[in-house]
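This report goes through local features of one protein model, from charged contacts to pockets and backbone geometry. Please keep the sequence and the coordinates at hand while reading.

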Amino acid sequence: MQIALWLLVAAQMCVAHFKLLPHDQVAMPYQWEYPYLLSIIPSLFGLFSFPRNNISYLVISMISTGLFSVAPLIYGSMEMFPMAQQLYRHGKAYRFIFGFSAVSVMYLLVVVAVQVHGWQLYYSKKLLDSWFTSTQEKKKK
């Protein structure tokens, strides 16, 4: 799911920057989308931790998830809030993605991304506890 979210953000940014579609179909990216592209890094560290149960890679993955994934989402929510408020109060949107309000589409992405990264952190913590316990048991023997 993380890869799908990342690909959607990357595709929207590429289409907007390279002007592959008219500006009225795909809006220019918000500022928070640029650092969010780094959110693939924690997932890669998490994947690299699996082959040998590498605790340090998993810890790096968890810390960098907060830095590269959750922090841009929080900033993005705050950055888009005035536009969402304007859309709600006045029904006016100035940025669009395929005919839909860009702020609505991006808030939907933020909601899904927060859930994905929350699950990522939750299960990483459970895995870290499990690996740490098994490591301690091996040291005692």
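Is Asp-129 buried, partly exposed or exposed? Asp-129 is partly exposed, with a relative accessible area of 38%. The model is a predicted one, and the sections below should be read with that in mind.

## Salt bridge

The structure holds 1 salt bridge. Its partners are the side chains of Asp-129 and Lys-125, with a distance of 2.8 Å from N to O. In general, side chains of opposite charge can pair when their charged atoms come close.

Both residues belong to helix H5 (residues 102-140), where they are 4 residues apart, and so about one helical turn separates them. Lys-125 has a relative accessible area of 41% and is partly exposed. For Asp-129 the corresponding figure is 38%, again partly exposed.

## Nonpolar surface patch

Which residues form a nonpolar patch on the surface? The patch consists of Leu-44, Leu-47, Phe-48, Phe-50, Tyr-57 and Ile-60, and together these have about 560 Å² of accessible area. Two elements give two or more residues to this patch, helix H3 (40-49) and helix H4 (55-90). The most comes from H3, with 3 residues.

Leu-47 is a patch member that lies in helix H3. The relative accessible area of Leu-47 is 49%, and therefore Leu-47 counts as partly exposed.

## Largest pocket

The largest pocket has a volume of about 310 Å³. It is lined by 17 residues, and those closest to its centre are Leu-8, Val-9, Gln-12, Val-105 and Leu-109. As a general point, rolling a probe the size of a water molecule over the atoms shows where empty space is left.

Helix H1 (2-17) and H5 each supply at least two residues of this lining. H1 gives the most, with 7 residues. What is the make-up of the lining of the largest pocket by class? There are 16 nonpolar residues, 1 polar residue and no charged residues.

## Second largest pocket

The second largest pocket holds about 250 Å³ of space. Its lining has 14 residues, and the closest to the centre are Ser-43, Gly-46, Phe-50, Gln-120 and Ser-124. Phe-50 is also listed in the nonpolar surface patch.

Three helices, H3, H4 and H5, each supply at least two residues of this lining. H5 has the largest share, 6 residues. By class, the lining of the second largest pocket divides into 8 nonpolar, 6 polar and no charged residues, while that of the largest pocket has 16 nonpolar and 1 polar.

## Positions within the helices

Leu-5 is found in helix H1. Is Leu-5 buried or exposed? Leu-5 is buried, because its relative accessible area is 4% and the cut-off for buried is under 20%. Leu-5 and Ser-130 are 125 residues apart in sequence, and their C-alpha atoms are 28 Å apart in space.

Val-70 is found in helix H4. Its relative accessible area is 28%, which places Val-70 in the partly exposed class. Between Val-70 and Gln-86, which are 16 residues apart along the chain, the C-alpha to C-alpha separation is 25 Å.

## Backbone with positive phi

In general, most residues other than glycine have a negative phi. Lys-19 has a positive phi of about 50° although it is not a glycine. Where does Lys-19 lie? Lys-19 is in the loop between H1 and helix H2 (33-36). With a relative accessibility of 65%, Lys-19 counts as exposed, since the cut-off for that class is over 50%.

Asn-53, likewise not a glycine, has a positive phi of about 50°. Asn-53 has its place in the loop between H3 and H4. At 40% relative accessibility, Asn-53 is classed as partly exposed.

Methods: Residues numbered from 1 in each chain as written. Predicted model: local features only at pLDDT ≥ 70, side-chain atom pairs only at ≥ 80, totals over all residues. Heavy atoms only, no water. Salt bridge = Lys/Arg side-chain N within 4 Å of Asp/Glu carboxyl O. Buried < 20%, exposed > 50% of the residue type's maximum accessible area, 1.4 Å probe, protein only. Patch = residues over 30% accessible without salt bridge, like charges linked within 9 Å, V, L, I, M, F, W, Y side chains within 5 Å. Areas by Shrake-Rupley, 256 points an atom, 1.4 Å probe, with all protein chains shown as cover. 1 Å grid on protein atoms, 1.4 Å probe; cavity = no way out; pocket = protein on both sides within 12 Å on 5 of 7 lines; lining within 4 Å. Points joined across faces, edges and corners; volume = space filled by probe spheres on them. Nonpolar A, V, L, I, M, F, W, Y, C, P; charged D, E, K, R; others polar.
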